[in-house]
Amino acid sequence: MAVWGLGSRLGLRGCFGAARLLYPRFQSCSPQGVEDGDRFAVELVTEKGHIFAEELQKIQCTLQDVGSALATPCSSAREAHLKYTTFESGPILELEQWIDKYTCQLPPLTAFILPSGGKISSALHFCRAVCRRAERRVVPLVQMGETDANVAKFLNRLSDYLFTLARYAAMKEGNQEKIYKKNDPSAESEAR
């Protein structure tokens, strides 16, 4: 069975139902496909066998549901399709519980941190950046009524979870997080 079809060769992406969207592969303003990047990035971390690997695998499955919801525009999909791709709040609540579980084990944040803390932590920070980009692209769809608000809420909590998990991974592996320090232009001019 081929993984591509004539539609994908022409730059069309199938939606749930009969609709086909024009979807240039490298289009920078489309939310569809961004969740693919997060699934890939999460897989990089999952292979390391951390205690949170099962959570990340579950998130990968939920991101597939996010993709289904995004591929089913509310304005043009049939009711049966909308019912099938409704995004419930359960995964959001689960993310919040996981965030709380890891946060209580971490030292409190007293400054902004930079993506750092070792390979796993940095990969999780990368996942978060991909997730934030997806969230920014989904919010307008929610505002237009084209997708479920829970999709944007999930992506928001997911980025919080990935940030918390990156800090947790750095701590567990004994790696230092790098603290953000604002550049002081006056100090630079005095040094000259």
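**Figure 1. Residue A166 lies in helix α7.** This view belongs to a predicted model. A166 has a relative accessible area of 0% and is therefore buried. Leaving aside neighbours within four places in sequence, the contacts of A166 are S121, L124 and H125.

**Figure 2. Helices α6 and α7 pack at an angle of about 165 degrees.** The axes of the two helices are 8 Å apart. Angles over 145 degrees count as roughly antiparallel, and α6 and α7 are therefore roughly antiparallel to each other. The crossing of α6 with α7 is left-handed. Sorted by class, the residues of this contact comprise 19 nonpolar, four polar and four charged.

**Figure 3. G145 sits in the loop between α6 and α7.** With a relative accessibility of 40%, G145 counts as partly exposed. The view also includes S75, which is 70 residues from G145 in sequence. Between their C-alpha atoms the separation in space is 7.7 Å.

**Figure 4. Helix α3, residues 53–70, packs with helix α7, residues 149–172.** The angle between the two helices is about 155 degrees, and their axes are 11 Å apart. That angle makes α3 roughly antiparallel to α7. The helices cross in a left-handed manner. From α3, the contact draws on E55, L56, I59, T62, L63, V66, A69 and L70. The partners contributed by α7 are V151, F154, L155, L158, Y161, L162 and L165. By class, the contact of α3 with α7 contains 13 nonpolar residues, together with one polar and one charged.

**Figure 5. Helices α3 and α5 pack with their axes 12 Å apart.** The angle between α3 and α5 is about 155 degrees, and the two helices are therefore roughly antiparallel to each other. Their crossing is left-handed. On the side of α3, the contact is made by E55, K58, I59 and T62. On the side of α5, the contributing residues are P91, E94, L95, W98, K101 and Y102. The residues in the contact of α3 with α5 divide into five nonpolar, one polar and four charged.

**Figure 6. T62 is placed in helix α3.** The relative accessibility of T62 is 11%, and T62 therefore counts as buried. Not counting residues up to four places away in sequence, T62 touches F87, P91 and F154. The C-alpha atoms of T62 and F87 are separated by 9.4 Å, and these residues lie 25 residues apart along the chain.

**Figure 7. T164 is a residue of helix α7.** T164 has a relative accessible area of 9% and is therefore buried. Not counting residues up to four places away in sequence, T164 is in contact with I99, Y102, T103 and L106.

**Figure 8. The largest nonpolar core has 32 residues.** Within this core, F52, F154, L158 and Y161 touch the most other members. Two or more residues of the core come from each of α3, α5 (90–103), α6 (119–143) and α7. The largest share, 11 residues, is given by α7.

Figure 9. Read along the sequence, the elements follow the pattern α-β-β-α-α-α-α-β-α-α-β-α. The chain has 192 residues, of which 41% count as buried. Among contacts in the chain with a separation of 6 or more, 72% are accounted for by residues 24 or more positions apart.

Notes
Residues are numbered from 1 along each chain as its sequence is written. This is a predicted model: local features need pLDDT of at least 70, side-chain atom pairs count only at pLDDT 80 or more; totals for chains, interfaces and linings use all residues. Side-chain values use heavy atoms; hydrogens and water are left out. Axes are lines fitted to C-alpha atoms, for helices over the stretch in contact, and angles run from 0 to 180 degrees between N-to-C directions. Helices (H or I, at least four residues) and strands (E, at least two) are DSSP runs, numbered from the N terminus. Angles under 35 degrees count as roughly parallel, over 145 as roughly antiparallel, 65 to 115 as roughly perpendicular and the rest as oblique. A crossing is left-handed if the near helix is turned anticlockwise from the far one by less than a right angle, and right-handed if clockwise. Contact means heavy atoms within 4.5 Å. Ala, Val, Leu, Ile, Met, Phe, Trp, Tyr, Cys and Pro count as nonpolar, Asp, Glu, Lys and Arg as charged, and the others, Gly among them, as polar. A nonpolar core is a set of buried Ala, Val, Leu, Ile, Met, Phe, Trp, Tyr and Cys residues joined through side-chain atoms within 4.5 Å. Buried means under 20% relative accessible area, exposed over 50%, partly exposed in between (1.4 Å probe, protein chains only).
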